[in-house]
Amino acid sequence: MIHQYKLNGYNIVLDVCSGSVHAVDELTYDMVALFEGRDRASALAAVREKHPGAADAELDEVYDALLSLKDAGKLFAPDTFAPMAGRLKEKSAGVVKALCLHVAHTCNLNCAYCFASQGRYRGERAVMSLDVGKRALDFLVERSGTRRNLEVDFFGGEPLMNWAVVKELVRYAREREKETGKRFRFTLTTNGMLIDDDVIDFANREMHNVVLSLDGRREVHDRWRVDYAGNGSWERIVPKFQKLVAARGGRNYYMRGTFTHNNPDFLKDIETMLDLGFTELSMEPVVAAPDDPIALTADDLPVVMAQYEALAKLMLAREKEGRPFTFYHYMIDLTGGPCIYKRVSGCGSGTEYMAVTPWGDLYPCHQFVGEEAFKLGDVWNGVTNAAVQEEFAACNVYAKPACRDCWARLYCSGGCAANAWHAAGSVAGVYETGCALFKKRMECAIMMAVARQVEA
Amino acid sequence: MEMKHIVTLETRDLCASAKNGGCGECQTSCQSACKTSCGIANQQCENGNR
């Protein structure tokens, strides 16, 4: 399968199944489109109609080059991956390697767009006890099989509202590392309100990654991210974020924003983040019901697509100026990225990845917490709802009819199960708006890789 | 290859990655910056034997 597109002056040919990327001229671009299903003579005749000035020798040369690429497995490679789709999960059945610990189902901000309904996940306010947290870490170690790398995200609500327990859990995990040979990687996701010197010191020593919530422009951020008195939080958190990031050496963090129907022109928010000195950036479309006034509309999509293109161009320009920055969704490692098993296996929610509530209940991921029908079990008894787990275990890119013929399937692995469930009523469905945005991001990311090589 | 027509980027051969792939040590897809979407293209392979 081929995906070919034009972006930022480049003609790009992606051979989906081999993962090969080719930058080509106009003649080659058209010949790729007319190559399959025709013999040599008819393919050349079809291309000649579009390029009447092309010399015969040149057409032959391009045709032969495409034949060579095909023979080398870099063009029109067949899809032989479907039988592998369930294999990774079968091989690692029962293995858990990542937990999202909901250490606080409460929050000191009252953000109107919060998918977690102000941290409560449609339930009671609560914080995780040290005992529940320790049991969750033990559960992870016990169920991790031969996996060495274990991931734990301190999430909420606002995890700094239960900071003492977070610190004790990290200390406990470090002890378990010595006994077991496992390696914990911690992530802290915070709104920043309670960051102080102790948080900065501890987080920068122990957290592999820190995710800091900032929506960009002050007026955009303060529209939603307000305290319970209705006051915006931008002015209070930005200096704290700057101090934490500086103390961290500017690495291993993400400044993570959300854009909504009110700011589809989110590049301005990214530029604000850059002006504030942040360089590791992520900006996500809001998760909202279609009838929610903050949800992105069909009219927003062309604006958002144009923003993604402008963002890619800005990144390339700043790289040339020696002022690079990172955008999470444009990080694509064409030579060292994931193997094919990973690419066809789905996101891992409900199988290798689960969320733990303050009460120790297990859910397929943080976005399903509070949806009782999806409760998998608890950290004492493990997974007891086999039917729901089977639904997630069976979820892979080849199990989704809409993904089978999509060129981006080996880059998204079938997409987000929670988005699919919200949009299509099934974890085996797809969220079409999300797919459109994802595909645009991949086109931009691959274009940037092309630009770096061609310009080099 | 005539470079004026085609520039081929260096990429990981996905078909060949099946040979020693599937160790499962890489990061879980959602356990990073986004938490609201799924992408695997930006993840590092952590297989020491590939």
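Here is a friendly conversation about a predicted model and some of its residues.

Trainee: How are residues, chains and ligands labelled, and what limits apply to this predicted model?

Mentor: Residues are numbered from 1 along each chain as its sequence is written, while chains are lettered from A and ligands numbered from 1 in the order in which they are written. Side-chain values use heavy atoms, leaving out hydrogens and water, and local features need pLDDT of at least 70, side-chain atom pairs pLDDT 80 or more, while totals for chains, interfaces and linings use all residues.

Trainee: Which domains does the assignment give for chain A, and what distance separates their centres?

Mentor: The bounds come from an automatic or database domain assignment. Chain A has domain 1 (2-78) and domain 2 (92-330). Taken over C-alpha atoms, their centres are separated by 43 Å.

Trainee: Which residues are buried in helix α2 of chain A, and which helices do they pack against?

Mentor: Helices are DSSP runs of H or I with at least four residues, and strands are runs of E with at least two, both numbered from the N terminus. Buried means under 20% relative accessible area, exposed over 50%, and partly exposed in between, using a 1.4 Å probe and protein chains only. In α2 (residues 40-50), the buried residues are A:A43, A:L44, A:A46 and A:V47, and contact means heavy atoms within 4.5 Å. Their packing partners are α1 (26-35) and α3 (56-71) of chain A.

Trainee: Is A:Y121, with its positive phi, buried or exposed?

Mentor: A:Y121 has a positive phi of about 50° although it is not a glycine. Its place is the loop between β4 (98-105) and β5 (126-127) of chain A. With a relative accessible area of 3%, A:Y121 is buried.

Trainee: And what is the relative accessible area of A:N8?

Mentor: A:N8 is not a glycine either, yet has a positive phi of about 55°. The loop between β1 (2-7) and β2 (10-15) of chain A holds A:N8. A:N8 is partly exposed, at 32%.

Trainee: How many aromatic pairs does the structure hold, and how is the pair of A:Y113 and A:W224 classed?

Mentor: Rings of Phe, Tyr and Trp (its six-membered ring) pair if their centres lie within 6.5 Å; planes under 30 degrees apart count as stacked, over 60 as edge-to-face and the rest as tilted. Over all chains there are 17 aromatic pairs. The rings of A:Y113 and A:W224 have centres 6.3 Å apart and planes at 40°, so this pair is tilted.

Trainee: How many residues apart in sequence are the parts that this pair ties together?

Mentor: A:Y113 lies in the loop between β4 and β5 of chain A, and A:W224 in helix α8 (residues 218-224) of chain A. A:Y113 is buried at 8% relative accessibility, and A:W224 is buried at 14%. The parts tied together are apart in sequence by 111 residues.
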